[in-house]
Amino acid sequence: MKVAGFSRIGLALGVLCLGAGAVAYALHHQSAARLSVPSGQRALAPDFSLPQLSGEPLTLSAYRGKVVLLDFWATWCEPCREEIPHFVELQNKYRAEGLQTIGVSMDDGPQPVRDFYQQFKMNYPVVMGTVKVAEQYGGVLGLPIAILIGRDGHIYAKHMGATDKSVFEGEIVRLLRQNGDSGTRRDVLRSASEDLESDQFVAQNGIVYCDKGESWPANTGSSK
Amino acid sequence: MTISGNSKVILAMTTIFAIALGAYAYQASLISDSHLISPEDLVKMLQSSKPAKPLIISVGPHMLYAQAHIPGAEYIGPASDSNGLQRLQTRVESLPRNKFIVIYCGCCPWNHCPNVKPADDALRGMRFTNVRVLYIAQNFGTNWVDKGYPTIRGE
């Protein structure tokens, strides 16, 4: 009897903690915004040349022909710290097929970035971002922002906020297996609906809207 | 009441789990609602004809401030950094303790912001009585700039 009574208390506490954990998880994983770019509106990703942690310059256009995952992040950004291990995994998995992840750090200086790079065993180049490059990509006024660039150098998707690895992986695989052109509108709409079954996407006039009702800004690639 | 070995394990595990969840709660979310000001309310203040305007201080990252910030906002530096916090304290040290101050960041979703709570705590620790934290739910771009609120581009 005594044991059973205490076990009930333990069970109740466990259920309470699980419930609290579910609430914390929901708060933590706030919905991210995702924007898919219809073929008629895909801008060429603005080129840049920025210094890596080693000091060597990295030029984006040198990676034409690869699928580029361009990640704007910072060491103090908690959602970024959660995404980066996933990017490391994806880079390992799809490097041979042509994936190239590039991190653009929005930290004030390189030292914390170097420490972070070692600690998280990052396996892709990281450059130090600038205001100019941030503005070229529509403004980086919140982190993280991850941009997928196809083999043709055009922007295919933009993710604002922490995003599940499975979403990135689905898009990366499609882009890796796509041919070099910018694809068709039908392919974009079909691919968007395929991997976002739980999201509410509305396709109107060729523009794909995420559930927040936002669309890709028409001036993508140029300063606001 | 005697406690069996298994029950001890259950109690220990749930206690540890509860403590971990408590620590998991992000700092910004612990700021009292009475300390907050919405973007809409701040915009109304900025656009009003009343002369008294708050001292607005950006306690977020420089790269964010350099791209866009609230008109009149001063840049102090990330309050999650000890240097930034020191600069904040130095900036306000000579001010009357009833000075109306608004602090903001906007780097990340509210529950993940590492800067606003330390700044709010520091100012209240210095006995400032009229401090408000700008509540930015997602980020400065989404909740301020994209709303068309007054913005200065560049530094």
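Which residue in E5(B) does Ile56(B) stand opposite? Ile56(B) faces Val102(B) in that strand, where strands (E, at least two residues) and helices (H or I, at least four residues) are DSSP runs numbered from the N terminus. The model is predicted, and for this reason local features need pLDDT of at least 70 and side-chain atom pairs count only at pLDDT 80 or more, while totals for chains, interfaces and linings use all residues. Residues are numbered from 1 along each chain as its sequence is written, chains are lettered from A and ligands numbered from 1 in the order in which they are written, and side-chain values use heavy atoms, with hydrogens and water left out.

**Sheet in chain B**

- In chain B, 5 strands form an open sheet in the order E1-E6-E5-E2-E4, with parallel pairing; two strands are taken to pair if DSSP finds at least two bridges between them.
- The edges of this sheet are strand E1 (36–37) and strand E4 (74–75) of chain B, each of which has a single partner strand, so one side of each is left without a neighbour in the sheet.
- Strand E2 (residues 55–58) and strand E5 (residues 101–104) of chain B are paired in the parallel sense over 4 bridges.

**Cysteines**

- Over all chains the structure holds 1 disulfide, a term that stands for a pair of cysteine sulfur atoms within 2.5 Å.
- This link runs from Cys77(A) to Cys80(A), with an S to S distance of 2.2 Å, and it is right-handed, with 80° about the S-S bond.
- Cys77(A) is buried at 0% relative accessibility, and Cys80(A) is likewise buried, with a relative accessible area of 1%; buried means under 20% relative accessible area, exposed over 50%, and partly exposed in between (1.4 Å probe, protein chains only).
- In chain B, the cysteine sulfur closest to that of Cys105(B) belongs to Cys107(B) and is 3.6 Å away, which is too far for a bond; Cys105(B) is buried at 1% relative accessibility.
- For Cys113(B), the closest cysteine sulfur is in Cys105(B) at 3.7 Å, again too far for a bond, and Cys113(B) counts as buried at 5% relative accessibility.

**Salt bridges**

- The structure holds 6 salt bridges over all chains, each being a side-chain nitrogen of Lys or Arg within 4 Å of a carboxyl oxygen of Asp or Glu.
- One of them joins Lys165(A) and Glu89(A), whose closest N and O atoms are 2.6 Å apart; because Lys165(A) lies in helix H5 (residues 165–177) of chain A and Glu89(A) in helix H2 of chain A, the pair ties together parts that are 76 residues apart in sequence.
- Lys165(A) is partly exposed, with a relative accessible area of 27%, and Glu89(A) is partly exposed at 39%.
- A salt bridge also links the side chains of Glu169(A) and Lys93(A), at 2.7 Å from N to O; Glu169(A) lies in helix H5 and Lys93(A) in helix H2 of chain A, so this pair, too, ties together parts that are 76 residues apart in sequence.
- Glu169(A) is buried, with a relative accessible area of 16%, whereas Lys93(A) counts as exposed at 53%.
- In chain B, the side chains of Arg97(B) and Glu93(B) meet in a salt bridge of 3.5 Å, N to O.

**Nonpolar cores**

- The largest nonpolar core has 53 residues, of which Phe48(A), Leu70(A), Phe72(A), Tyr137(A), Ile149(A) and Ile172(A) touch the most other members; such a core is a set of buried Ala, Val, Leu, Ile, Met, Phe, Trp, Tyr and Cys residues joined through side-chain atoms within 4.5 Å.
- A second, separate core of 24 residues includes Val92(B), Ile101(B), Trp110(B) and Met126(B).

**Two loop residues of chain A**

- Thr75(A) lies in the loop between strand E4 (67–73) and helix H2 (78–94) of chain A, and it counts as buried at 11% relative accessibility.
- The side chains of Thr75(A) and Asp107(A) are joined by a polar contact of 2.5 Å, that is, a pair of N or O atoms within 3.5 Å, where within protein one must be able to donate a hydrogen and the other to accept it, and residues adjacent in sequence count only if both atoms are side-chain atoms.
- Leu53(A), in the loop between strand E2 (49–51) and strand E3 (57–59) of chain A, is buried at 17% relative accessibility.
- Leu53(A) and Val126(A) are 73 residues apart in sequence, with their C-alpha atoms 6.5 Å apart in space.
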